[in-house]
Amino acid sequence: MTKEEFANFEEKYSKEIETMRQSAYDLHQSVNQTYGDSLPYGFHLDMVVDLIRRFGHLVCAGEEDVLPLFFGGFYHDSIEDARLTYNDVKKVARQWMTDEQALMAVEIVYALTNDKGRSRAERAGEKYYKGIRETPYAPFVKLCDRLANTTFSCSDDEGNPRMREVYKQEMPHFLRAINPHSGDQRFAIPQEVIEVLVELLIDEMERDEIRKRWQEL
């Protein structure tokens, strides 16, 4: 899909997308979830969806997948952080989509929901990443989520140097873990997005080595 085509579909469904956005805002507000020290969680959701707007044309296979893709961005933390169940999310998605689209949308959200665990490694283990690799658009939405969090951790205002270092150390494993090596564009993790992530985390001297390792994955 071309960038222009994707933008045209976004415009066509702009009313649904805006209603979806406000619904996700209200959901996270209802459980008093914030981002960083004091920002509304919608700040993070907008960051993720802005990346979907910017790069979604690289993965979107057709018009029918546009709304599930945006829904995945807005609702990706709704099970993990906002106390919804799988069926709750599916019911919400049906407000704007067909049953088939709603199933695709909720599967993205479910794939991005961390497993139960005592540590970061346990919550995002092999089972978790396997689910992402096997779900259309989940690798891309997860990559957008990671880039949004990384961008925030590197910001001047509320940056988190500790998490920046965590993301840097995790990056080679993370990219391997979400990459299904599929020829199906719905599972793609676009090089253009990876390049932005690399530029945030890696100084110039290290970038060539990272790119070399990525090409070998």
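There are twelve salt bridges in this structure, a salt bridge being a side-chain nitrogen of Lys or Arg within 4 Å of a carboxyl oxygen of Asp or Glu. Keep in mind that this is a predicted model, where local features need pLDDT of at least 70, side-chain atom pairs count only at pLDDT 80 or more, and totals for chains, interfaces and linings use all residues. Residues are numbered from 1 along each chain as its sequence is written, and side-chain values use heavy atoms, leaving out hydrogens and water.

| Salt bridge | Closest N and O atoms |
|---|---|
| Glu-10 and Arg-53 | 2.4 Å |
| Asp-46 and Arg-21 | 2.9 Å |

Let's start with Glu-10. Glu-10 sits in helix H1 and Arg-53 in helix H3 (residues 42-55), so their bridge ties together parts 43 residues apart in sequence. (Helices are DSSP runs of H or I, at least four residues, numbered from the N terminus.) Glu-10 counts as buried at 18% relative accessibility, while Arg-53, at 29%, is partly exposed. Buried means under 20% relative accessible area, exposed over 50%, and partly exposed in between (1.4 Å probe, protein chains only). A network of salt bridges links Glu-10, Asp-50 and Arg-53.

Notes
Helices (H or I, at least four residues) and strands (E, at least two) are DSSP runs, numbered from the N terminus.
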